[in-house]
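Morning, everyone. Please have a look at the structure on the screen. I'll be quick.

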Amino acid sequence: MTEMAHGPEAHAGQAHAHAKEAFIWKYVFSKNHRIIGVQYYVTAMVMALVAGLLAMLIRLQLAWPQKDWGVLAKIFPMGYDAGGGFGVMRPEFYAMLFTMHGTIMVFFVLSTAPVSGFGNLLIPLQAGARDMAFPFLNGLSFWTFFVGCVVILTSFFVGAGAAAGGWTAYPPLSALKAAVPGSETGQTFWIVGMVFFIASFTMGGLNFVTTIINLRTKGLSPLRMPMTLWAMFLVAVLGLLAFPALIAACIMLIFDRHFGTSFFLPTGLVLNNAPLLGADGKFLHQGGSPLLWQHLFWFLGHPEVYILMLPALGFTSDILTNFARKPLFGYKSMVGAMCAIGGLSFIVWGHHMFVSGMNPYLAMAFAVGTILIAVPSAVKVFNWLATLRGARIRFNTPMLWAMGVVSLFISGGLSGVWLAQSAPDIQLHDTMFVAAHFHLIMAGAALFGVFGATSYWFPKMFGRMMNDTLGKAHFWFTFIAYYCTFFPMHYIGIAGHLRRIYDPYQYEFLKPLQPINEFITISALVLGVSQILFFINFFWSAFAGRKAGENPWDANGLEWTTASPPPHGNWPGAIPEVHRWPYEYANPDFPKDHVMQTEPLTAAEQKLKAAEGPSRHEH
Amino acid sequence: MMQAETAAAHVPALEAHWGGGASPFGATWQKTMMWIFIVTDGLLFSGLLCGYGFLRHVSPVPWPRQSEVFSIPFIALMTFILITSSMTMGTAVTAARLGDRKRALNNLVFTIVGGLCFLGCQAYEWSHLIHEGARLTGNPWGPPQFTQAFFVLTGFHGSHVFSGLVILIITAIRTGMSKTPAQGIEMAGLYWHFVDLVWVFIFTLFYLL
C-alpha cells in the first residue's frame, strides 16, 4: 500500500532525494494525515477483497447446497468434505463464512474506508488545519488497526478455523470452546482482533473530535462546516460513546472463555446432548445471562450502523450539491437531522432483541424510538430531492454514486420501518428480509458513498483524476447487480427463508425458492466481478490518470484551495480564512457559478448582513 | 440546539470560542483530547457496572449482604485515602500553575503515597477474600457473579490506579528536573481525579447499595 502512495508522490518533483532518504518514515510509519488516510483506505480494500470472496462462497452454497465443488475443495481443503460427498461444503465452514464476512465488512471495511480513510484525508483539509491534532497518535492508530487486520486474517489458519458464532458473537456459542469448531482458537483471535480495532478507532476518534473542535480555521463556525465534516464529527462522537460497551463485553467474554466465569453463561447448559458439569457433579456455569451480551453488543451495534451510514450521507450532500450546481436545500435541517439520527441511535438498540423474551411494553418503547428515526431520515431525503429539483445536473461518476446512495437510502429505509415494529419483526426476525434490509441501507449506502467519495476526492489522494467512462461503467454494473442481488431477498425472507442456514432446501417449504436463490447468486457473482473495473480504475488512475488541478469539480470547500495532492502542511502559505458556507452555488451576484468559502463578503453582502442580522451567508 | 448555534454567530463571546481560529474556552487540544478520553474511558466502566447491575438483577439466587462479606469501615478508609490524594493532586496543579515547583513536587509525592496506600489496601482485601474462598468461578456467599464482578471491577479499577501512578511518578521525576510544564501536571491530575471518581461509583454501587 505504501508503494502505491509513493508512486504519484515521487513524480511530484520536489524534495525527491529527501523523500527517498526517509521513505520508511514518510510513507510507512507516516504521521501525515493524507498518507495515513490512504493507508487506511488501501488496507480496507484488501479486507474488502477477502470479505467479498467469502460472500461469493456463501452465495454458491445457498443456490446449490449439495453440489460437488471439486476446484473449491482443492483451494479450501478444510471447508469442503473430503468424505462421501467430496467437494460439498461443510456446515461449520459455512458458519465461519458468514461470521467472518460480516465481521470484516462491518468493522474492517465499511467502518474503516469512509471513517478512518476519508476522515483522515478530509478533516484537516476541510477544517483548515495543518494536520490532525496529534499526528503521532494518528499513525499509532493506523498501525494498531493493521495489527488487528493481521490477527483477523490469521484466524482463518489457526486451530479449527476462524470464528463461526455470527458477527454478533452471541454467547453461549462464542463463550463455550466446544460449541462450534470456530469457537476454539478462532473466537479468541476474533476478540483480540476486535480489541485492536476498537483501540485504533478510539485513538482515531479522539483525533477527529479534537481536531474539529480545536483546530478549525478562523471563520469556520459550526454552521459553516461542510456536511462531510459534520458527519465525521458525529461519527467520531458515536464511536467514542458506543465502543466502550463492546470493550466491556469483550472483557467479560474473555473471562468466560478463559477463566471459568459465568457472566454470559446460564445454569443448565447442555452441550452435544450432555450436561456441562464440573468435577463436583454440579453445572459448571451458573446464573449468568446471555442477554447481557446482547444488550452490550447492540448498545454498540446500533450506533455502529450509523458510524457506517453517516459519512455516506455527508459525502452525498457534498457531491449532490456540487453536481446539481445549486445550494444545498435546508442546510440547517440537514445538520439537525444528522444530530437527531446520531442521538436516537443510542436509545433503540432493543429493536435487535424483540424476540429475546423482552417485556412487550419495553419493546414498544424501542419500536417507537426506532420509527422516530424515519423522521430525520425523511428530512434528509426531502432536502436532497429538493436540491436536485430544477437543477442542471452534471452526470459525472461521483454524482451517479451520490444518487445511488439516495436510492438505496429510500429502498432500504422503507423496509426498516417494517422491522422497527415489534409485531411484524417477530415474523421477519432473522430472515433474509433482514439481510436484504441492512445490505441495502447500511452496507449499500455506505459502499456507494465510499465509491462516490473516492471518485470525487481522488485528486486530493493522488493528484490525479479517475477515469470517468470506466467509473460510469462500474457504477451501472454495480447498481443493477446490487439491486438484483438484494431486492429478491425481501421476498424469500417473507416466504420464511431464515438467514444463516446451511442448506435451505432441507425444509420442504423453502424448496420452491431455489430458482430465486440461483438468480441472487448469479447477480452476486456479477456484482463481485464488476468490482474488477474499480480496482483497475483505482490503481491505473493513481499512477497514470489525468493530472488534476486545484479544483477540478468547481467546488467551494477549503480542500479545493490547495494543490492536488496537498503538500505537507496542506497549504504552502498561510491557512485560508473562511467567510461563508460551502454551498454557495449559482449566486447571481457573482460572475462564476460557485463562490469559494474563502471569498470575503462583498460590500453589498456586508450591508445586507448588517441590516438583516442572520442571512444565508451567516451559515 | 439549532437555535443555540444560530445565536452563536451573533454573540461575540460565543463566536470567539466557536467561530474557528481559536480554541474553545482557551483549552489546548491536549486538554480537549484528555477530557474526551476520560468520557470514553468512563463509559467503559459504566459498561462494566451496568453489566454487574444486570447480572445482580437477574441472579437466580439472592445477592449476598456486602456488609457481611466486606469490612465496610475498611473500604471507607480506602475511599478516604483516595479522595485525600485527589485533594493533594489539586493542590499540586494549583501550585504548578502559580509556578511554585517545590510545592507542586511535594504534593505530587503525597498523591503518589496515597495511591500506593490505596493499592496496598486493595491487595490486602483481595488476599483476605481469596483466603476465605472467593474465586472467579464461585464463592461461599452465593452467586458466582458476586465475586466475578468484584474481581473484574476492582481489578480493572486497580489497573487504572496503577497506570495513574506510573504517570504521576514520571510527572514527579520530570517536575523535579523542571521539565514538565504546568499543563502536564494538570493533565495527569485530570486522569487521577477521574480514577478517583470512578472509585466513588464502584464504592457506592458495589459495596453500599
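**Chain A, then its partner**

Start with contacts: two residues are in contact if their C-beta atoms, placed from the backbone, lie within 7 Å. In chain A, take the contacts with a separation of 6 or more: 77% of them join residues 24 or more positions apart.

A word on the source. This is a predicted model, where local features need pLDDT of at least 70, side-chain atom pairs count only at pLDDT 80 or more, and totals for chains, interfaces and linings use all residues. Residues are numbered from 1 along each chain as its sequence is written, while chains are lettered from A and ligands numbered from 1 in the order in which they are written.

Back to chain A. How many helices and strands does the chain have? Chain A has 20 helices and four strands. Those are DSSP runs, numbered from the N terminus: helices are H or I, at least four residues, and strands are E, at least two. The C-alpha trace spans about 85 × 60 × 50 Å along its principal axes. Of the 619 residues in chain A, 55% are buried. Buried means 20 or more other C-beta atoms within 10 Å of the residue's own, with C-beta atoms placed from the backbone.

Now the partner. Chain A puts 46 residues in contact with 39 residues of chain B. Helices 9 (185-214), 10 (227-258), 11 (290-324) and 12 (331-344) of chain A each supply at least two residues of that side. Helix 10 of chain A gives the largest share, nine residues.

Key: Buried ≥ 20, exposed ≤ 12 C-beta atoms within 10 Å, placed from the backbone.
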